[in-house]
Amino acid sequence: MWIDVSRKGTARFNGYRLPRESEGMGVVLAPTQEIATAAHVVWQAESITVTDLHGAKARARVVCIDKAVDVALLRVARPPRHVATVRARPAVTGERVGVVERPQPGEAPTIAAGAIAATRWTVHGVPVALIFSGIKGEKGMSGGGLFDAAGDLLGIVIRIEGRFGYLSALPVAELCTRFSRCAEGDAAAWSPLGCDPGAASRSPASGPALEPRASVHRAARRGP
């Protein structure tokens with residue numbers, strides 16, 4: 001999902017001034033079909049618009065936000081049809097991963113690929129360890145998913161390293177822990193299939209495929 005936001009020009013996040021108009025990405029999680037993204041993408045937003053791969057647009061609202069680890073959960077009136085498959089196994093250093101790049105208008109999305117450089121990466125201001133993806137990112141990729149070679153979700157991109165632009169992601173286990181605490185108090189909604197990695201490994205089903213996962217086979221790949 002692509003996310004476009006407008007806010008007041010005075011908004012700040014962890015000391016940094018946020019632009020009036022900004023963009024990011026998001027991932028639809030099962031079973032609630034809500035959209036995970038980076039908190040700084042939607043922080044103090046007055047208007048949030050999400051767009052799927054088919055170009056359909058919808059207004060979204062924030063239902064859960066955790067500034068400490070920079071993640072947020074969005075809801076739209078009509079739940080998206082396609083959801084991410086959360087991987088039960090944790091990320092492994094050296095394994096191949098990919099992120100969906102935000103396309104220019106009229107272009108198809110592509111996949112940026114690389115190898116995980118570290119699974120317990122420390123970032124200033126974030127109280128938990130992140131996945132250092134080994135993939136260089138660019139503006140508009142915050143909030144997108146980090147996927148393994150099979151297209152399963154490993155984490156949500158919350159940082160683009162300033163000097164070289166490498167992406168770091170919050171692991172799904174931490175993501176689910178945070179969301180289960182604040183998603184309207186309904187922790188049980190996150191455990192049956194989509195957000196509890198342990199439950200996902202026990203379930204015989206994994207839900208429908210995520211749209212960007214399907215695009216891996218259609219879109220051009222490029223190196224890190």
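This is a predicted model: local features need pLDDT of at least 70, side-chain atom pairs count only at pLDDT 80 or more; totals for chains, interfaces and linings use all residues.
Close-up 1. The side chain of R75 meets that of E34 in a salt bridge, with a distance of 2.2 Å from N to O. This pair links distant parts of the chain, since R75 belongs to strand β9 (residues 71-76) and E34 to strand β6 (residues 34-37), the two residues being 41 residues apart. E34, for its part, has a relative accessible area of 4%, which means that E34 is buried.

**Close-up 2. The salt bridge between R87 and E95.** Here the side chains of R87 and E95 meet in a salt bridge of 2.9 Å, taken from N to O, and both of these residues are buried. For R87 the relative accessibility is 5%, and because buried means under 20% relative accessible area, R87 falls in that class.

**Close-up 3. The salt bridge between R87 and D148.** R87 also forms a salt bridge with D148, in which the closest N and O atoms lie 3.2 Å apart. The pair links distant parts of the chain, with R87 in the loop between β9 and β10 (96-100) and D148 in strand β14 (residues 145-148), 61 residues apart. D148 has a relative accessibility of 8% and so counts as buried. Through salt bridges that share partners, R87, E95 and D148 are joined into one network.

**Close-up 4. The salt bridges in the context of the whole structure.** A search of the whole structure finds four salt bridges, among them the pair of R75 with E34, the pair of R87 with E95 and the pair of R87 with D148.

Terms used:
Residues are numbered from 1 along each chain as its sequence is written. Side-chain values use heavy atoms; hydrogens and water are left out. Helices (H or I, at least four residues) and strands (E, at least two) are DSSP runs, numbered from the N terminus. Buried means under 20% relative accessible area, exposed over 50%, partly exposed in between (1.4 Å probe, protein chains only).
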